[in-house]
Amino acid sequence: MVKYIVDCFGRSFELEKLRQTLRVRKERATLVAAVLRRQGQGNDLAELTALAESAGAIVVDRFVQKLRSVNPSTYIGKGKAQQLKERVRLFGAEAVIFDNDLSPGQIRELEKIVEAKVLDRSELVLDIFATRAKTKQAKLQVELAQLEYTYPRLTRMWSHLDSVAGAGGGTDAGTVGGIGTRGPGEQQLEIDRRLVNKRITDLKRELSAIDKRKVREIDGRKGLFKICLVGYTNAGKSTLLNSLTNAQARVEDRLFATLDTRTKRWNLTAGTDVLLSDTVGFVRNLPHQLVASFKATLEEAINADLLLHIVDVSGQQALQQIDSVNKVLGEIGCAQKSILQVFNKIDIVSNVGQLEMLQTLCPDAVCISAKIGSGLGELTEAVLSRYKGDELILRVTTAQSNGKVQSFLRAYGTVIKEHYLDGSVLIDARLGQKQLESLKRLSPRDIEIIQN
Ligand SMILES: Nc1nc2c(ncn2[C@@H]2O[C@H](COP(=O)(O)OP(=O)(O)OP(=O)(O)O)[C@@H](O)[C@H]2O)c(=O)[nH]1
Ligand SMILES: [Mg+2]
């Protein structure tokens, strides 16, 4: 006999056994991509496979469906949903993961037909984040994103909150699978709703305190030039951080290896240190709730003087990945920042045509291999020139007793000649435009720009 249950919005569900948790770890999964014909783009499910495996699922089957239009109740057509059911049975899949974002109603209808748990792409991404979150901040951020996106879509969504409400945060977002077993009566639904709202308020308060701390921490580093590595997940950001500094950041060939931020000093050239930060990677259609709750983590990017956009040019999706990263950068207010494109994994590029096309699109991009260390000299030069700005030739007059001016010009510029005269020294030097203000603060007697 089919059992019905009622969720906190008063909707009734059958098949309650299916969707009590969205974890897919060790579950056999069928992947589905529904592609609209008019969009004309294929989908080989390569990225969804990597995402599903990253979440710990075992991919047993892939199903790509071309659609003329989206069916409002089941996304793919009802007949195709029946076919999907046959395949799910044939391969013994426990979960069906769509590469598309589905509405809660579509998920419910599909589950009735295919008789397996159905997840959409955003839920999968959130599941990966839940598994990976290690720091308290990351756990709180993931929990907030899940409360706002995922849990309203579970059949018995709120009962786990009994154990966490009032605990002051720090729940392990990765252990929410054991969602309770009580049948949600009307009274319970009311309690659940209040618990969720309270939890969301508490989480936001805690995260806002972390945000403020982060802003103070970044402000405290005033004076040093700040560079942040951004890019698609798995592009090689942490590998580059390790190659340029002694960071020993975690590097893995899986999506979302890094979930928090790490900042290290990078010695660009003698006397010039900058701060280099590595942060969470981006992915196509990153759930909006996740971007919002990762604000503190992305604060490093928001406050950076220069962004290094790392692109894996060995993959076939490089251009789409560049677009996705630019979109997220726009969402967090970084679109106008100074950005240097860095083409990584140049050691394993097989599609030379694609690389040439990308180089035409981004003529300033620097080609490197973070893994084997090639191109790092050119990258350092390119960063130095962004750091310094356009070079000027200056004649600086200073008191011989003011040694700071000479030291500054030697460290940050190139001294062309020096001339000593009556207690003064005249120095001709090349210096980056952006260093001019710092030079002025050292009180030389006169600065004349000879050439710019
Ligand atoms: N062949 C080659 N592999 C690289 C290069 N750079 C990174 N990799 C590999 O790519 C994989 C991902 O590298 P990570 O540095 O973890 O990538 P990431 O951008 O930090 O990824 P997330 O933290 O998951 O966003 C690892 O297996 C690296 O060894 C490179 O220049 N060449
Ligand atoms: Mg990383």
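User: Let's start with one residue. Which residues does aspartate 61 touch, leaving out those up to four places away in sequence?

Analyst: Contacts like these tell you who sits beside whom once the chain has folded back. In this predicted model, aspartate 61 touches Thr30, Arg87, Phe91 and Ala93. Take the phenylalanine: aspartate 61 and phenylalanine 91 are 30 residues apart in sequence, yet their C-alpha atoms lie 7.0 Å from each other.

User: Why does aspartate 61 count as partly exposed?

Analyst: Here you count neighbours. Aspartate 61 has 17 C-beta neighbours inside 10 Å, so it counts as partly exposed; a buried residue would need 20 or more.

User: Zooming out, what share of the protein's residues count as buried?

Analyst: Of the 452 residues, 38% do. As for secondary structure, the protein has 15 helices and 16 strands. Among contacts with a separation of 6 or more, 70% are between residues 24 or more positions apart.

User: Now a sheet. In what order do the six strands of the open sheet come?

Analyst: The general idea comes first: strands of a sheet pair through backbone hydrogen bonds, either parallel or antiparallel. In this case, the order reads E8-E9-E7-E10-E11-E12, with mixed pairing. Strands E8 (262-269) and E12 (366-367) each have a single partner strand, so they stand at the edges, and one side of each has no neighbour in the sheet.

User: How many bridges join E8 to E9?

Analyst: Seven, and E8 runs antiparallel to E9 (residues 272-278). To see one of the pairs, look at asparagine 267, whose bridge partner in E9 is aspartate 273.

User: Which strands does helix H11 touch as it packs on the sheet?

Analyst: For a packed helix, check its partners and then its angle. Helix H11 (residues 318-331) touches E7 (226-231) and E10 (306-312), and its direction makes about 150 degrees with that of E10. Helix H13 (residues 376-388) packs on the sheet too, touching E7, E8, E9, E10, E11 (339-344) and E12. The direction of H13 makes about 90 degrees with that of E8.

User: Last one, the ligand. Which residues around ligand 1 come nearest?

Analyst: With a ligand, read the shell by distance, by element and by residue type. Of the 23 residues around ligand 1, the nearest are Gly236, Ser238, Asp253, Thr258 and Gly281. Helix H8 (residues 237-244) gives the most to that shell, with three residues. By type, the shell holds seven nonpolar, ten polar and six charged residues.

Technical notes:
Residues are numbered from 1 along each chain as its sequence is written. Chains are lettered from A and ligands numbered from 1 in the order in which they are written. This is a predicted model: local features need pLDDT of at least 70, side-chain atom pairs count only at pLDDT 80 or more; totals for chains, interfaces and linings use all residues. Two strands pair if DSSP finds at least two bridges between them. Helices (H or I, at least four residues) and strands (E, at least two) are DSSP runs, numbered from the N terminus. Two residues are in contact if their C-beta atoms, placed from the backbone, lie within 7 Å. Axes are lines fitted to C-alpha atoms, for helices over the stretch in contact, and angles run from 0 to 180 degrees between N-to-C directions. A residue is buried if 20 or more other C-beta atoms lie within 10 Å of its own, exposed if 12 or fewer, and partly exposed in between; C-beta atoms are placed from the backbone. A residue is near a molecule or strand if its C-beta atom, placed from the backbone, lies within 6 Å of it. Ala, Val, Leu, Ile, Met, Phe, Trp, Tyr, Cys and Pro count as nonpolar, Asp, Glu, Lys and Arg as charged, and the others, Gly among them, as polar.
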